[in-house]
Amino acid sequence: MEDLLRVGVISSTHGVHGEVKVFPTTDNPERFRDLDEVLLDTGKETITLEVEHMAFFKNMVILKFKGIDHIDEAAKYKGRDLLVTRENAVPLEEGEFFICDIIGSTVYEENGKEFGVLKDVLQTGANDVFVVDQVDGKEVLLPCIDDCIKEIDVEGKRVVAFILPGLL
């Protein structure tokens, strides 16, 4: 399991006083309201930044970090990930999981036959879509709906799926 979870990506600067626009990569952008600090992946190291101010703007989050007071200081972090530790992550409800925890899971058909490996999860808005590399090397997209995904065992890294007619 990953120890650090991505909550957003810095997309650009906002204003001249060191604020940044962040594209939230969390299901719950409201979680930024209670965020006191984040970890910034600079590409070389991970540094802790204290959140001084936060606001929403359209589908983005505007953040101001303590000690970053000029546009030039903030601009160098464009495109960088903002992370939180698992302990600071939003608590999960029953049956919920973090996507990073199921990536790499083995996907089985209902009859127990190995189907492939879960490579990615696409978040489409209507429902998530599992990207699976099949045993034969082909890629298939499985909608994450009750009719198709029958079981997700996060601890066992196992997914059981009903392959809907016409998907292959």
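I take helices and strands as DSSP runs, numbered from the N terminus. The model I am reading is predicted.

**Entry 1: element order**

I counted 2 helices and 12 strands in the chain. From the N terminus on, I read β-β-β-β-β-α-β-α-β-β-β-β-β-β.

**Entry 2: overall dimensions and surface**

I looked up the extent of the C-alpha trace. Along its principal axes, the trace spans about 60 × 30 × 30 Å. I noted an accessible surface of about 10,000 Å² for the chain. Carbon and sulfur atoms hold 47% of that surface. Of the 168 residues, 35% are buried.

I then checked contacts between residues at least 6 apart in sequence. Of these, 47% join residues at least 24 apart.

**Entry 3: charge**

How many positive and negative side chains does the chain have? I found 18 positive and 34 negative. The centres of the two sets lie 7 Å apart.

**Entry 4: the main core**

I went to the largest nonpolar core next. It has 22 residues. Those with the most contacts inside this core are Ile-10, Val-20, Val-22, Phe-32, Leu-63, Phe-65 and Leu-82. Which strands each supply at least two residues of this core? I listed S1 (4-14), S2 (19-24), S3 (37-41), S4 (46-57), S5 (60-65) and S6 (81-85).

**Entry 5: another core**

I followed the pairing from S7 onward. S7 (residues 106-109) and S8 (residues 114-123) run antiparallel, joined by 3 bridges. Tyr-108 has Glu-114 of S8 as its bridge partner. The hairpin of S7 and S8 has 4 residues between the strands. In this hairpin, Gly-112 takes a positive phi near 95°.

How many bridges join S8 to S9? I counted 7, with S8 and S9 (residues 128-134) running antiparallel. Leu-122 has Val-129 of S9 as its bridge partner. The hairpin of S8 and S9 also has 4 residues between the strands. Here Gly-125 takes a positive phi, near 110°.

Key. Residues are numbered from 1 along each chain as its sequence is written. This is a predicted model: local features need pLDDT of at least 70, side-chain atom pairs count only at pLDDT 80 or more; totals for chains, interfaces and linings use all residues. Side-chain values use heavy atoms; hydrogens and water are left out. Buried means under 20% relative accessible area, exposed over 50%, partly exposed in between (1.4 Å probe, protein chains only). Contact means heavy atoms within 4.5 Å. Accessible areas come from the Shrake-Rupley method with a 1.4 Å probe; for residues, only the protein chains shown count as cover. Lys and Arg count as positive and Asp and Glu as negative; His and the chain ends are not counted. The place of a charge is taken as NZ of Lys, CZ of Arg, CG of Asp or CD of Glu. Two strands pair if DSSP finds at least two bridges between them. A nonpolar core is a set of buried Ala, Val, Leu, Ile, Met, Phe, Trp, Tyr and Cys residues joined through side-chain atoms within 4.5 Å.
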